[in-house]
Amino acid sequence: MIEGLLGGLGNLIDPINLLILIAGILLGFIGGGIPGISGTMLVIILLPVSYAMDPTAAFLLLTSIYATSVFSGSISAILFRTPGTPEAVATVFDGYPMAQKGEGGKALGVSIFSSATGGVIGTIILIFLTPLLATFALSFSAPEYFALAVMGLTVVASLSAGNLVKGFIGVSFGLFIATIGLDTMTGTPRFTFGSGQLMSGIDFIPVLIGLFAISEVLRQVQKRPRKTGKQKVRTELPSLNLMKRISGVIGRSSLMGVFIGILPGIGATTAAMLSYSEAARWSKKPEEFGTGVPEGVAAPESANNAAAMGAMVPLLSLGIPGSATTAILLGAFILHGIQPGPLMFTTQAPLVYTILIGLLVANLFILIIAKPFISVFSQILRVPYSIIGPLIVLFCIIGTFAVRNSIFDVGVMLLFGLVGYFLENAKFPLAPIVLGVVLGPIAEDQFRRAMQMANNDFTVFFTRPISLVLLLLALVSILYPLIKGWINKRRAKLRGEKNIAS
């Protein structure tokens, strides 16, 4: 392995390969930072170009775009409440409130540090534990996937701004959205009302962009025109005290991100949502999440970058893509006549180790290149919002349309922009809706597969150890706020009785 890594480093420092790696990093920054364009889209666009390149240079280009675009989606999420990539949607919850409080530079610094750390941890685990992790991932089946999704959904108790009823209404609405379209197992139309466009369901990207980006543009338009000429955002990397404060969150979220990333079909967006929910669950002050706390930025940013690296594990060791982007990378390997799988570390060792070293360097480059890139990107804040707002809407329309080439998706995005605008005016939390939309399809599909697997025997969820533990954690997370509230009321009542008696 050491010999292979040294050989990979030697290939990487070849001037052409190094130049292509840096070009990929910059393209990833640009693609992720501009709302509506993602790393997946860039990889698709450059796939035909890579066919004419040497395999080493081609995969350095594609994988570096993949690695850095996951981070750069947080930039527009923090500054404009517009996730540049789907993986950055959870970063909005606390990143944008920090920017509103004048801590945008601090939030960006936390994002840089967390993303680089999560990516490096994910790459190191990818290098040393790929065969072991791939074997462990195969032990997960439908009951475990369902229990994992349920555990993520139960964090609604922490993200509901103190109103559990609104939280459950929100997550139920998100789950309903996820059921629209053809049933994936029977082909039966559900809630389509005879509409051909609804047959394919409602994609979560138009929903997320509408709820956060379009609703924010509407809110800004409603306000008085603000002067943006004097606004400055100076990116501040975390101080030692802040690093200590968020180190536990980054460590836990990075490990969770790698773990979720290696599960085929789950992806970095789900990893970010689940890690954010677990950070809130572990926090001593979960009610502060959503108001602008650094932990709310550190958790999803470390998790999504680690998950992106984790998704490479099943791709390289089993030939199974762990995410949408790695599915495209699988196509790129086949295009170059290479079959990923157990023999790849033997037959294509120089290429594999060059890719691994390239991913490690790309994540480290986030620390070096991010600050100057953000300093240029943030100059947009100097432009009057009368110009920025329409540009954000334009990018959102282009990005939404490009996902499925559907004008119907654009209409869905605008509709959910209005929904998000009115819900926020009513102080209704949007995070639970996002939880339902993102985790709903996973929960439903895996529940039904588990039922088929066990001949409709519900005990399958409780006889498998991993599934049982995850479901117990979900139950505890729901009951804990209710029990804690009852205890606090009981204590307050006893104190009142004592005061009256005295």
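Analyst: Two residues are in contact when heavy atoms lie within 4.5 Å. This is a predicted model, in which local features need pLDDT of at least 70, side-chain atom pairs count only at pLDDT 80 or more, and totals for chains, interfaces and linings use all residues. Residues are numbered from 1 along each chain as its sequence is written, and side-chain values use heavy atoms, with hydrogens and water left out.

User: Which residues does Gly 290 touch, not counting residues up to four places away in sequence?

Analyst: Gly 290 touches Phe 93, Asp 94, Pro 97 and Tyr 276. Asp 94 is 196 residues from Gly 290 along the chain, yet their C-alpha atoms are separated by 4.9 Å. Gly 290 itself sits in the loop between α11 (268-282) and α12 (294-310).

User: Why is Gly 290 called partly exposed?

Analyst: Its relative accessible area is 36%. Buried means under 20%, exposed over 50%, and partly exposed in between, with a 1.4 Å probe and protein chains only. Gly 290 is therefore partly exposed.

User: How much of the chain counts as buried?

Analyst: Of its 502 residues, 56% count as buried. The accessible surface comes to about 21600 Å², with 68% of it belonging to carbon and sulfur atoms.

User: What makes α2 oblique to α16?

Analyst: Helix α2 (residues 15-33) packs against helix α16 (residues 349-377) at an angle of about 55 degrees, with the axes 10 Å apart. Angles under 35 degrees count as roughly parallel, over 145 as roughly antiparallel, 65 to 115 as roughly perpendicular and the rest as oblique, which means that α2 is oblique to α16. On the α2 side, the contact includes Leu 21, Phe 29 and Gly 33, and on the α16 side Gly 358, Phe 365 and Phe 377 are among the residues involved. By class, this contact has 14 nonpolar, two polar and no charged residues. The crossing of α2 and α16 is right-handed.

User: How do you know that α8 is oblique to α19?

Analyst: The axes of helix α8 (residues 164-179) and helix α19 (residues 431-453) cross at roughly 45 degrees and come within 7 Å. That angle therefore makes α8 oblique to α19. The crossing of α8 past α19 is right-handed. Among the residues that make the contact are Gly 167, Gly 170 and Gly 174 of α8, together with Gly 436, Gly 440 and Glu 444 of α19. By class, the contact of α8 with α19 has 10 nonpolar, six polar and one charged residues.

Key:
Areas by Shrake-Rupley, 256 points an atom, 1.4 Å probe, with all protein chains shown as cover. Axes fitted to C-alpha atoms, helices over the stretch in contact; angles between N-to-C directions. Helix = DSSP H or I, 4+ residues; strand = E, 2+ residues; numbered from the N terminus. Left-handed = near helix turned anticlockwise from the far one by under 90°. Nonpolar A, V, L, I, M, F, W, Y, C, P; charged D, E, K, R; others polar.
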